[in-house]
Amino acid sequence: MNALWLEDNQISLREVSQPHTTSTAATEALIKICKAGICSTDLELVKGYYPYTGILGHEFVGAVIEADDASWIGQRVVGEINAVCNQCEQCLNGRPTHCENRTVLGIINRDGVFAEFTTLPITNLHRVPASVPDEMAVFTEPLAAALEIQQQVQVKPTDRVLLIGAGRLGQLIAQTLALTGCDLRVVARHAHQQDLLKARGIRIISEEEIIPWRWDIVVEATGSPNGFSLARQAIRPRGTLVLKSTYKGEMNVNFSSIIVDEIDIIGSRCGPFEPALRLMESRQVDPTVLIDTEFSLGEGIKAFEHAEETGVLKVLIQP
């Protein structure tokens with residue numbers, strides 16, 4: 001089969017062996033990819049964020065064509081990206097996304113979804129409701145990641161919440177936070193980002209308008225030192241700072257001031273798939289407005305080049 005292969009920070013279109021389920025991996029399903037999405041993590045992997053070699057991609061919707069449990073065959077599915085051992089300290093204590101032996105779809109020791117087929121444990125799969133089209137379902141993983149914030153932090157209608165960053169993930173975070181009724185403001189750099197937020201009644205704020213030491217919850221979704229600095233200035237004493245991004249390399253942080261102000265800092269990544277699917281099924285969240293362009297798998301390198309352009313949100317790949 002054809003696949004987008006990453007090696008030594010270079011992407012190439014390769015013909016590779018099609019994955020298949022075996023007697024030693026009977027709990028895994030073979031999935032034909034319908035659509036896959038390029039996210040910021042994929043772009044950072046190409047730049048060397050993590051030393052990964054293999055097939056890229058972890059956001060997808062597909063159809064099960066082979067599984068030990070026949071009830072899954074023919075089902076349209078999305079899948080959680082962490083394949084876990086269920087035996088280590090983290091798994092046994094209810095922290096499977098931090099499994100010490102995990103493989104991660106398209107990121108750590110497991111080939112991803114920018115290909116014609118992929119495999120995942122059946123326990124990772126979620127059936128997609130019939131009313132949720134592929135163009136929407138492909139956003140399940142990042143939408144679940146956005147919802148993880150509300151798994152970790154109680155967001156009240158009375159809270160003043162500042163979101164810094166309105167890119168691919170930031171847009172989904174904004175849509176989900178708006179459902180809480182909180183007093184939400186979003187720092188959005190580009191006009192297109194601002195237009196999408198305004199269309200949903202989400203209020204924009206410029207960096208100059210942010211009053212320091214006033215915000216109950218600040219979500220930093222830029223992954224940049226400047227974004228973190230702005231978030232630190234904005235958060236009130238005993239406020240909660242949510243880091244919804246990955247930072248390449250090291251940053252200089254004044255932890256003394258964080259301790260003095262008694263700031264809660266929360267790292268946030270993978271989230272719940274079923275609530276994400278329900279939000280799309282009810283149309284309370286519409287991620288399809290983020291779609292910029294769709295490329296074929298054969299145009300995968302061009303797709304990555306386009307996704308890198310300033311202001312581009314979601315680029316999809318269809319095998």
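Is Arg14 buried, partly exposed or exposed, and what is its relative accessibility? Arg14 counts as partly exposed, at 34% relative accessibility, where buried means under 20% relative accessible area, exposed over 50%, and partly exposed in between (1.4 Å probe, protein chains only). The structure is a predicted model, in which local features need pLDDT of at least 70 and side-chain atom pairs count only at pLDDT 80 or more, while totals for chains, interfaces and linings use all residues. Residues are numbered from 1 along each chain as its sequence is written, and side-chain values use heavy atoms, with hydrogens and water left out.

Lys35 is buried at 6% relative accessible area, whereas Glu294 is partly exposed at 35%. In the salt bridge between Arg232 and Asp261, the closest N and O atoms are 2.7 Å apart. Arg232 belongs to helix α7 (residues 225-234) and Asp261 to the loop between α8 and β17, 29 residues apart. Both are buried, Arg232 at 14% and Asp261 at 9%. Shared partners join Lys35, Glu135 and Glu294 into one salt-bridge network.

The largest nonpolar core comprises 43 residues, and Leu163, Ile173, Leu184, Val186 and Val219 have the most contacts inside it. Such a core is a set of buried Ala, Val, Leu, Ile, Met, Phe, Trp, Tyr and Cys residues joined through side-chain atoms within 4.5 Å. Elements supplying at least two of its residues include α4 (140-152), β12 (160-164) and α5 (168-178). A second, separate core of 37 residues includes Ile33, Leu45, Tyr52 and Val113.

Ser268, in the loop between β17 (264-267) and α9, is buried, with a relative accessible area of 10%. Beyond its neighbours within four places in sequence, Ser268 is in contact (heavy atoms within 4.5 Å) with residues including Glu148, Gln152 and Val242.

Terms used: Helix = DSSP H or I, 4+ residues; strand = E, 2+ residues; numbered from the N terminus. Salt bridge = Lys/Arg side-chain N within 4 Å of Asp/Glu carboxyl O.
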